[in-house]
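Here are my notes on the model, as numbered points. Please read them with the structure open.

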Amino acid sequence: MTDKEELGASLFSRTLDIMENDPLEEIFALNMGDFVSEFLISEDLASKVSKSAKDKTSRLKSQLKELVSIYSLDNTLCVLGFDSKDEYVVYNSIAKTLTQILDVDACHIYLTEEFTRGLSFDDKFLGLAGSSVDFDEDIYAKKLGYSKDDKSIIVKAFKTLEKIQIKDITAIDNFTPKYELKEYDVKSLAVVPMHNNAHVVGVIVIENYKEKTIKRAYMNLLETIARLFGTSMHLQKTVEQAEELIADEMVFTEELQHMRAELTALIGDLGAHQQSFVERLAKAVDEKGQYKVAHSQRTAELSRKLCRQIGLNEKTTDLVYYAGLLQNIGKITLPESLFTNKGKLSKEEWEKLQNHPNVGVNLLMNINFLSEVIPYIHYHKERWDGGGEPEGLKGNSIPFGSRIIAVADAYTAMTSDRSYREAMSKESALEIMKNEAAVKWDPDVVNALFEVIQD
């Protein structure tokens with residue numbers, strides 16, 4: 001059995017393989033050791049079984065340490081362990097970012113008392129941890145939140161684990177606006193629970209001051225973000241519990257096995273949600289950019305084909321694929337009006353569009369598992385002749401992944417319908433790429449493009 005297969009052991013597996021196919025050790029692990037050693041086997045054999053069990057405990061602890069280390073390296077959201085209200089400012093920043101990404105007026109984040117150490121909410125089981133609304137006073141002193149018996153739709157979403165979207169808030173009677181959050185202006189809202197299966201850590205509330213239905217792409221993204229929060233926070237709690245077991249000299253092997261299975265499952269869930277986050281973020285970018293097709297997805301897939309045509313390894317190919325998905329990520333924080341404007345843009349609007357890769361890089365820097373794609377995104381607007389942005393890099397000094405994405409992005413954009421023009425033909429786009437090779441784009445990558453498109 002490989003180490004990878006072993007890490008995937010079921011929570012309820014009998015662990016014969018883990019115990020190296022020793023049936024006596026299996027019996028011992030099932031708490032029958034005392035009976036067997038007293039009546040059926042010699043003291044010498046019982047001593048060997050006992051030593052084997054101790055070795056297995058050490059081995060399990062080592063595996064738990066490795067899992068904790070893996071999680072620490074790939075930590076997506078480090079949002080636990082706060083001891084004072086001053087540290088909760090990170091939630092205000094997250095809430096403000098979500099209002100930009102989702103193009104809404106306000107966002108509030110509520111967490112259960114288990115995840116709000118350092119704050120006090122009296123008898124409320126959901127407390128306000130962060131808000132996009134600016135306050136002139138200490139908002140945490142208000143102890144805003146909800147009690148378990150509250151009839152609010154916020155509590156309903158928390159208890160049912162179902163998202164709720166209300167287009168017209170006047171049509172329901174179970175929403176009591178909080179004056180401190182300026183909710184007297186709210187006309188429509190959505191509530192999404194932050195959870196990992198049955199373990200729920202809080203809710204995200206987004207609000208608009210006019211009647212508005214949030215686009216499906218944005219809601220899907222919000223759900224994925226909520227899942228990332230729920231899974232990451234649950235995982236951080238589980239890591240704390242695992243560290244306690246590792247330090248416990250009297251821990252049972254069954255506890256370690258169960259903890260290993262739970263950590264493995266949670267880390268797997270986190271990886272799946274991270275991938276979903278990237279894909280849904282890309283779709284939301286395309287939605288805001290007014291592409292009639294999935295531009296980011298097409299760019300990423302073409303980038304992957306170019307990598308394989310050139311002969312890059314799988315890891316680099318995957319990184320370039322993700323970078324292709326997210327190369328226009330900065331657009332997600334810009335208003336849709338910039339992309340629907342068919343007239344002349346103002347200087348300020350033009351600068352916003354021109355600088356969007358840097359906005360995206362700043363956003364990605366806060367998502368650790370995507371850190372390796374940052375250089376590819378950051379430099380994909382450079383030109384082969386050195387006349388590009390942001391650093392004016394030239395030729396081979398531009399990261400190879402960036403050069404690949406630049407070619408894929410340009411070709412995909414030319415052959416896609418936009419709100420302000422129709423798509424070019426494949427032949428016309430390839431002719432432009434050929435003429436601009438060694439000026440805008442790496443000629444070797446352009447050659448690979450011709451091979452890929454003509455296959």
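1. Residues 24 or more positions apart account for 65% of the chain's contacts with a separation of 6 or more. Contact means heavy atoms within 4.5 Å.

2. A word on the source. This is a predicted model: local features need pLDDT of at least 70, side-chain atom pairs count only at pLDDT 80 or more, and totals for chains, interfaces and linings use all residues. Residues are numbered from 1 along each chain as its sequence is written, and side-chain values use heavy atoms, with hydrogens and water left out.

3. Overall make-up. The chain has 16 helices and six strands. Helices (H or I, at least four residues) and strands (E, at least two) are DSSP runs, numbered from the N terminus. Of the 455 residues in the chain, 49% are buried. Buried means under 20% relative accessible area, exposed means over 50%, and partly exposed lies in between (1.4 Å probe, protein chains only).

4. The core. The largest nonpolar core has 114 residues. Such a core is a set of buried Ala, Val, Leu, Ile, Met, Phe, Trp, Tyr and Cys residues joined through side-chain atoms within 4.5 Å. Tyr91, Ile154, Ile206, Leu263, Leu306 and Leu449 touch the most other members. Helix α6 (residues 216-247) gives the most to this core, with 15 residues.

5. A histidine in α6. Histidine 234 sits in this helix. Is histidine 234 buried or exposed? Its relative accessible area is 11%, so histidine 234 is buried. Leaving aside neighbours within four places in sequence, histidine 234 contacts Asn196, His199, Glu262 and Leu266.

6. Helix α5. This helix spans residues 153-160, and Ile153, Ile154, Val155, Ala157 and Phe158 in it are buried. What covers these buried residues includes β1 (106-112), β2 (126-131), β3 (145-146), β4 (164-166), β5 (188-196) and β6 (199-208). Isoleucine 154 touches Leu126, Tyr146, Phe175, Val191, Val203 and Val205, leaving aside neighbours within four places in sequence.

7. The ends of α5. Serine 152 caps the N-terminal end: a side-chain oxygen lies 3.1 Å from the backbone nitrogen of isoleucine 154. Leucine 161 follows the helix, with a positive phi near 60 degrees.

8. Strand β6. Why call β6 largely enclosed by the rest of the structure? Because nine of its ten residues are buried. β6 pairs with β1 in the antiparallel sense over six bridges, and isoleucine 109 has isoleucine 204 as its bridge partner in β6. β6 also pairs with β5 in the antiparallel sense, over nine bridges. There, alanine 190 has isoleucine 206 as its bridge partner. Two strands pair if DSSP finds at least two bridges between them.

9. The β5-β6 hairpin. Two residues lie between the strands. Asparagine 197 takes a positive phi near 60 degrees in this hairpin.

10. Aromatic pairs. The structure holds four. The rings of tyrosine 179 and tyrosine 184 have centres 5.3 Å apart and planes at 40 degrees, so this pair is tilted. Rings of Phe, Tyr and Trp (its six-membered ring) pair if their centres lie within 6.5 Å; planes under 30 degrees apart count as stacked, over 60 as edge-to-face and the rest as tilted. Tyrosine 179 is exposed, at 65% relative accessible area, whereas tyrosine 184 is partly exposed, at 44%.

11. Charges over rings. Lysine 178 lies over the face of tyrosine 146, at 4.2 Å from the ring centre. Arginine 304 lies over the face of tyrosine 321, at 4.0 Å. The criterion is NZ of Lys or CZ of Arg within 6 Å of the ring centre and within 35 degrees of the ring normal.

Definitions and conventions
A polar contact is a pair of N or O atoms within 3.5 Å; within protein, one must be able to donate a hydrogen and the other to accept it, and residues adjacent in sequence count only if both atoms are side-chain atoms.
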